[in-house]
Amino acid sequence: MKILVVEDEVKTGDYIKQGLSEGGFVVELVRNGLDGHHKAVTGNFELVILDVMLPDIDGWKIMSSLREAGNHTPVLFLTARDSVKDKVKGLELGADDYLVKPFAFAELLARVRSLVRRTIAAPTNILAIADLQLDIPSRIATRAGRTINLTTKEFTLLELMVRRQGEVLPRSLIASQVWDINFDSDTNVIDVAIRRLRAKIDDDFSVKLIQTIRGMGYKISAADNE
Ligand code: CA
């Protein structure tokens with residue numbers, strides 16, 4: 001757990017660094033905005049603690065250029081200011097939390113732990129099996145980095161299979177989960193859909209992911225075909 005602390009006040013910086021180190025974190029402390037900005041962008045931190053008032057570039061500028069660069073490391077602002085306007089500004093820029101100085105160290109530690117926990121617990125939006133990846137929010141499937149064009153139903157079917165990878169899914173389960181209806185067991189709708197999906201995700205690749213389990217259903221697995 002690496003935390004970057006950007007704080008120009010020597011005593012405050014040392015105090016935070018010492019406390020967080022004792023709390024089990026690896027802390028890198030820098031005392032000006034330029035170094036802070038450089039570290040935040042290039043280093044791999046789980047959290048950035050940013051003082052707003054710095055001698056060169058302020059915490060807000062560091063924060064906004066971080067977000068503009070697509071970096072979403074959680075940021076906790078530290079500031080002596082306590083106006084609603086400043087809080088709103090920080091949060092609008094994409095800060096994750098805000099602490100007004102002077103603060104009790106226990107409070108800082110509690111906020112830090114909560115932010116770090118949130119990062120770890122964030123549900124993944126990417127499902128994967130072997131080199132196949134599903135970006136759930138944008139509904140984009142890729143295999144070996146190549147985008148695969150799927151219909152809505154095909155994506156839903158593939159998502160179900162990848163979520164339950166390694167499990168044999170009976171046709172009846174696929175029908176109810178993907179089409180929301182129960183088909184007669186002799187319908188070939190599922191088989192046709194699987195065949196189309198297979199053509200899109202497996203035909204051009206030597207490792208076949210979708211497997212037919214005779215008499216039972218289908219599964220997706222990165223293991224060798226049976
Ligand atoms: Ca300061």
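Glu159 lies in helix α6. The model is predicted.

Is Glu159 buried or exposed? Its relative accessibility is 13%. Buried means under 20%, so Glu159 counts as buried. The side chain of Glu159 makes a polar contact with the side chain of Arg163, at 2.8 Å. Leaving aside residues up to four places away in sequence, Glu159 touches Leu127, Leu134, Ile136 and Arg139.

**The sheet**

Which strand order does the sheet have? The order is β6-β7-β8-β9. The sheet is open, has 4 strands and pairs them antiparallel. Strands β6 and β9 each have a single partner strand, so one side of each is left without a neighbour in the sheet. From one strand to the next, the twist averages 25°.

Helix α6 packs on this sheet. The helix touches β6, β7 and β8. Its direction makes about 115° with that of β7.

Strands β7 and β8 run antiparallel, and 4 bridges join them. Leu134 stands opposite Ala141 in β8. Leu134 is also one of the residues that Glu159 touches.

**Elements at a glance**

| Element | Residues | Note |
|---|---|---|
| Strand β6 | 126-129 | at an edge, a single partner strand |
| Strand β7 | 132-135 | joined to β8 by 4 bridges |
| Strand β8 | 140-143 | joined to β7 by 4 bridges |
| Strand β9 | 146-148 | at an edge, a single partner strand |
| Helix α6 | 152-163 | about 115° to the direction of β7 |

Key:
Residues are numbered from 1 along each chain as its sequence is written. This is a predicted model: local features need pLDDT of at least 70, side-chain atom pairs count only at pLDDT 80 or more; totals for chains, interfaces and linings use all residues. Side-chain values use heavy atoms; hydrogens and water are left out. Two strands pair if DSSP finds at least two bridges between them. Helices (H or I, at least four residues) and strands (E, at least two) are DSSP runs, numbered from the N terminus. Axes are lines fitted to C-alpha atoms, for helices over the stretch in contact, and angles run from 0 to 180 degrees between N-to-C directions. Contact means heavy atoms within 4.5 Å. Buried means under 20% relative accessible area, exposed over 50%, partly exposed in between (1.4 Å probe, protein chains only). A polar contact is a pair of N or O atoms within 3.5 Å; within protein, one must be able to donate a hydrogen and the other to accept it, and residues adjacent in sequence count only if both atoms are side-chain atoms.
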